[in-house]
Each structure stands twice: as C-alpha cells, then as structure tokens.
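Here's a protein chain to explore together.

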Amino acid sequence: MLQGALAGLAAGGLYAVLAVCLTLMSRLVRVVNFAQSATGMFGCYVAVFLAVHLGFPEWLATLAGIVLGGALSAVLGWIVSTWLAEADTGTRSAVTVAVLLLLISLAFILFGNKPQPFHPLLAGPAFTVGGVVVSQVTVVTVALAVLVALGCRAVLARTSLGVRLRALSERPTTAELLGIPARPLSVGVWTATGVIATLAVSIVAPSQSNDPTSLAMLVVPAAAAALLGGFRRLDLAVAGGLVLGMAQGAVAQADKLSVLRYFLPFLVIVALLLWTQRKEVWDAAR
C-alpha cells in the first residue's frame with residue numbers, strides 16, 4: 001500500500017503542477033483552461049517527432065516542444081483576450097474545450113493512435129524509504145509543484161507585476177482605465193502556464209499512459225485538485241494533486257479495487273461540487 005502511494009506521487013506531482021496552472025488561469029484571466037494538458041501533450045508529441053524522425057538531440061527536441069506548448073497557449077490566450085475580452089467565464093472556458101478536442105484530433109492525425117516512444121528525461125531511483133524506492137521523477141515533479149506554487153505566490157504578493165495581475169483579475173475595467181496593459185499581461189499568464197504544463201508533462205509522460213487522449217485528459221484530476229482549493233488557493237491545489245495521486249497509487253495495489261483509480265478524480269469532483277453547493281442541494285431536497 002505504501003509503495004503504491006509513493007509510486008502515485010509522480011502522477012500526483014503532475015496533477016499538482018497542472019492544478020496550480022488551472023488555479024492561476026482562473027484567478028488571473030477568468031478561464032478554466034480545459035486545454036491546459038492538451039497543449040503540453042501536443043508539445044511533447046512534437047518533441048518526440050523531432051528526436052525520433054528528424055534526429056534532433058533529445059535536449060533540443062524537448063526544449064522545442066516546451067516552446068511550442070507555450071506558443072500554443074499564447075495564441076489561445078491572445079484569441080480569448082482579443083475577441084472574448086468581455087465574455088463571461090463560462091464562454092471563455094468553453095473555447096478551451098474546443099481547443100482540447102482539436103489538439104487531440106490533430107495528434108491522432110499527425111502522429112497516429114499509438115503511444116509515442118518517449119525518452120525519459122529522468123531515470124532511476126532518488127532514494128529509498130523503508131524499503132520503498134522513490135524515483136527521481138517523483139522527487140522532481142513534487143518539488144516542481146511546490147516551487148511553482150511558492151514562486152507564483154511570491155510574485156503575486158511582492159512584486160509590481162503581481163499587483164498589476166491582481167488588479168486585472170479583481171477589477172479588470174478599473175485596471176484598464178488606470179493604464180494597466182490587460183492583453184499583454186493576459187497573454188503572458190497563458191504563455192507561462194503553457195510552458196510550465198508542457199515541462200511537467202515532458203517529465204512524467206515516459207512513465208504514464210502517453211497516448212494523446214490520456215495525456216490531454218490529465219486535466220480532469222488536475223481540475224479535481226484545483227477544485228479543492230476553489231480555483232483560488234495554490235496551497236490546497238498542490239495538496240489536492242499530491243493526495244489524489246497517492247490515493248490512486250494506493251488503490252491500484254488492491255486487485256479488486258484497482259479499477260476505482262480511474263474514477264477517483266470524477267468522484268472527488270462530484271463530492272466537492274455537492275459540498276460547495278450543499279445549502280442549495282439541501283434546500284431543494286427539503
């Protein structure tokens with residue numbers, strides 16, 4: 001059970017990183033970005049194509065994939081901030097669902113329906129705890145999730161850029177009237193989260209189910225983790241991702257319960273939604 005939980009930390013770290021990105025997007029640009037992991041998936045697939053078919057060095061192909069993931073996210077952010085600047089959160093988020101489906105379809109068309117031969121960026125154990133091996137991927141993904149959350153919190157709380165971003169998220173019209181450049185800042189947030197998500201997917205993809213649909217739908221457990229923090233709190237998003245990954249790893253160790261790990265993110269989402277709407281649900285039931 002312990003070994004399974006620790007094995008699930010690698011996926012949990014990835015969930016946590018993506019959940020932090022989703023939380024930032026929701027807080028700063030009023031979008032639940034359902035294409036968050038899909039842009040990372042597409043960047044990783046292009047990186048594999050460059051390395052395997054065009055002979056690029058692994059580091060250069062990976063770097064190109066990360067840049068592409070950020071660029072895709074930036075283009076999507078520019079479209080949303082240009083043509084949907086006044087739209088509500090639901091409409092802006094719905095656009096990202098269309099992009100999610102588009103990127104999955106493009107990946108199948110361009111790269112086929114088989115998992116790609118990802119070259120692991122990190123391999124081997126980092127250390128052993130009570131006879132349980134903790135891999136380098138686990139250590140790096142967990143550390144990345146914590147560092148990204150702490151870094152974003154510090155930027156938002158202690159820098160002039162953070163003040164501008166918070167003003168833009170809480171009083172967008174007032175912020176624009178005061179001369180804060182809304183569109184460049186919004187595109188910057190989209191770009192940064194796209195780069196971070198692609199980097200995290202690049203690290204974990206070799207050890208996960210890495211077909212286009214599986215990688216793109218990583219947004220579901222990430223959304224469950226972000227929902228724990230109400231798409232507002234970075235610390236709870238990180239904790240939610242790690243706990244969800246560990247729970248999936250622990251459940252996978254039990255033969256009769258292993259299939260439940262695929263449903264855990266959906267169960268968490270339903271439970272959290274019912275909890276946040278408990279007053280309305282209770283009133284309706286009465």
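In which handedness of crossing, left-handed or right-handed, does helix 11 pass helix 12? The crossing is right-handed. Before going further, keep in mind that this is a predicted model.

Averaged over the chain, the pLDDT is 87, and 97% of the residues reach 70 or more. Among the elements, helix 3 (residues 58-83) has the highest mean pLDDT, at 93, while helix 13 (residues 278-285) has the lowest, at 64.

| Helix pair | Crossing angle | Axes |
|---|---|---|
| Helix 10 (residues 219-228) and helix 11 (residues 234-252) | about 135° | 7 Å apart |
| Helix 11 and helix 12 (residues 264-276) | roughly 135° | within 10 Å |
| Helix 6 (residues 160-170) and helix 8 (residues 182-204) | roughly 105° | within 11 Å |

Let's start with helix 10 and helix 11. With their angle of about 135°, helix 10 is oblique to helix 11. Helix 10 passes helix 11 in a right-handed crossing. On the helix 10 side you'll find Pro221, Ala224, Ala225, Ala226 and Leu228, and they meet Leu236, Ala237, Gly240, Gly241 and Leu244 in helix 11. Sort the residues of this contact by class and you get 8 nonpolar, 2 polar and no charged ones.

Now back to helix 11 and helix 12. Crossing at roughly 135°, these two are therefore oblique to each other. From helix 11, Leu244, Ala247, Gln248 and Val251 meet Leu264, Pro265 and Val268 of helix 12. This contact has 6 nonpolar residues, 1 polar residue and no charged ones. Look for Leu244 in your viewer: this residue of helix 11 takes part in the contact with helix 10 and also in the one with helix 12.

What about helix 6 and helix 8? Their axes cross at roughly 105°, which makes helix 6 roughly perpendicular to helix 8. Leu161, Arg164, Leu165 and Leu168 come from helix 6, and Ala182, Leu185, Ser186 and Val189 from helix 8. By class, that's 6 nonpolar, 1 polar and 1 charged.

Strand 1 (residues 125-129) pairs with strand 2 (residues 132-135) in the antiparallel sense, over 4 bridges. Threonine 128 sits opposite valine 133 of strand 2. Together the two strands form a hairpin with 2 residues between them, and glycine 130 in the turn has a positive phi of about 55°.

How values were computed: Residues numbered from 1 in each chain as written. Predicted model: local features only at pLDDT ≥ 70, side-chain atom pairs only at ≥ 80, totals over all residues. Heavy atoms only, no water. Pairing = 2+ DSSP bridges. pLDDT = per-residue confidence, 0-100. Axes fitted to C-alpha atoms, helices over the stretch in contact; angles between N-to-C directions. Parallel < 35°, antiparallel > 145°, perpendicular 65-115°, else oblique. Left-handed = near helix turned anticlockwise from the far one by under 90°. Contact = heavy atoms within 4.5 Å. Nonpolar A, V, L, I, M, F, W, Y, C, P; charged D, E, K, R; others polar.
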